[in-house]
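Please consult the sequence and the structure shown here while reading.

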Amino acid sequence: LQRMLAMAVEVDRSPTCSSRKIADDIFPFILNIPLRSQREALLNTMESQLLRCRLLELLFQHSCDVPTTSSMSLDKVLYFLSHSAVLPQFQDETATWQRWDEMLQYLSLLLLSYHNVKLAFPLSSEHLRTSVSDRMKLIAQKAKARLQDSDDISQLDIRLKMNDFISRMQKTLGEPFPPQIQEKLFMLQ
C-alpha cells in the first residue's frame, strides 16, 4: 500500500496536487482508525514524505478551533502548536497524558516530514514538490530549496509558543509531566 501511494504521488506532473488529492481521500479513514498503534504504523511507514506531511497537516487542521488557510510552513507548525487540541475522535480509553503524547509525536513527525519535503539535502528528498523529470534537472543544477517568508521564525517565537503549549498541558495534566512527555517536548523544541 505504501509503495502504491508513493508511486501515485510521483506519477503526476505535480506531486503536490497528487498528494493533496490522495490525502483528502485517505484522511477520513485515518480519523476512523481506532488504535494509536495502527495510526502510527500507517504514518511512520509512509514512503511519500509529501503525502505524510499533507496528512498530518490535515490532522492538525481538523483539530484546530480556527483552521488556518496559510500554506505549510514552519510558522504553520507553530500555529498548530498554539491552536490544536487533542482530537476528540481519538479519545478512547487512553489516559489524558497519552493523548497529549500522541499529539506531540505527530507534531514532531510533521516537522520531520516538512523538513524532508522543503528543506532537506538536495540529493536525498528535496524538490519533492516537482515532478520526477524536473527533479533530476534540479539535482543536476544543485538547486537549493527556496525558503518561504513564513519559514523564517525566531528562537523567541519558538520559545513563546512552546511556553504557551506547556502551560496548556499543565492545566490539563498538572505537574510533573510523565518522562515520555518531557522527552517529546525537548525533542520538539
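Among contacts in the protein chain between residues at least 6 apart in sequence, 66% join residues at least 24 apart, where contact means heavy atoms within 4.5 Å. The model is a predicted one, in which local features need pLDDT of at least 70 and side-chain atom pairs count only at pLDDT 80 or more, while totals for chains, interfaces and linings use all residues. Residues are numbered from 1 along each chain as its sequence is written, and side-chain values use heavy atoms, with hydrogens and water left out.

The protein chain has nine helices and zero strands; its pattern along the sequence is α-α-α-α-α-α-α-α-α. Helices (H or I, at least four residues) and strands (E, at least two) are DSSP runs, numbered from the N terminus. Of the 189 residues in the protein chain, 43% are buried. Buried means under 20% relative accessible area, exposed means over 50%, and partly exposed lies in between (1.4 Å probe, protein chains only).

**Helix packing**

Axes are lines fitted to C-alpha atoms, for helices over the stretch in contact, and angles run from 0 to 180 degrees between N-to-C directions.

| Helix pair | Axis separation | Angle |
|---|---|---|
| α1 and α2 | 7 Å | about 140° |
| α2 and α4 | within 8 Å | roughly 50° |
| α8 and α9 | 12 Å | about 165° |

Angles under 35 degrees count as roughly parallel, over 145 as roughly antiparallel, 65 to 115 as roughly perpendicular and the rest as oblique.

α1 and α2 pack at an angle of about 140°, and α1 is therefore oblique to α2. In this contact, Leu-5, Ala-8 and Val-9 of α1 meet Pro-15, Ser-18, Ser-19, Ile-22 and Ile-26 of α2. By class, the contact of α1 with α2 has six nonpolar, two polar and no charged residues. For this classification, Ala, Val, Leu, Ile, Met, Phe, Trp, Tyr, Cys and Pro count as nonpolar, Asp, Glu, Lys and Arg as charged, and the others, Gly among them, as polar.

Helix α2 (residues 15–31) also packs with helix α4 (residues 49–63). These two helices, α2 and α4, are oblique to each other, and α2 passes α4 in a right-handed crossing. A crossing is left-handed if the near helix is turned anticlockwise from the far one by less than a right angle, and right-handed if clockwise. Residues of α2 in this contact include Pro-15, Ser-19, Ile-22 and Ile-26, and those of α4 include Leu-51, Leu-55 and His-62. The residues of the contact of α2 with α4 divide into twelve nonpolar, three polar and three charged.

α8 and α9 are roughly antiparallel to each other, and their crossing is right-handed. Met-162, Phe-165, Ile-166 and Met-169 of α8 make the contact with Ile-181, Leu-185 and Leu-188 of α9. By class, the contact of α8 with α9 has seven nonpolar, no polar and no charged residues.

**The nonpolar core**

A nonpolar core is a set of buried Ala, Val, Leu, Ile, Met, Phe, Trp, Tyr and Cys residues joined through side-chain atoms within 4.5 Å. The largest such core has 45 residues, and those with the most contacts inside it are Leu-51, Leu-55, Leu-110, Phe-165, Met-169 and Leu-185. The elements that give two or more residues to this core are α1 (2–11), α2, α3 (36–44), α4, α5, α6 (96–119), α8 (155–173) and α9 (179–188). The largest share, nine residues, comes from α6. Leu-185 touches Leu-104, Met-162, Phe-165, Ile-166, Met-169 and Phe-177, not counting residues up to four places away in sequence.

Ser-82 is found in helix α5 (residues 74–83). Leaving aside neighbours within four places in sequence, Ser-82 is in contact with Lys-161 and Arg-168. Ser-82 and Asn-163 are 81 residues apart in sequence and 9.7 Å apart in space, C-alpha to C-alpha.

Thr-96 lies in helix α6 and counts as partly exposed, at 32% relative accessibility. With residues up to four places away in sequence not counted, Thr-96 touches Thr-172 and Leu-173. The C-alpha atoms of Thr-96 and Leu-173 are separated by 7.3 Å, although the two residues are 77 residues apart along the chain.

Leu-160 belongs to helix α8 and, at 45% relative accessibility, counts as partly exposed. Leu-160 and Leu-78 are 82 residues apart along the chain, and their C-alpha atoms are separated by 9.8 Å.
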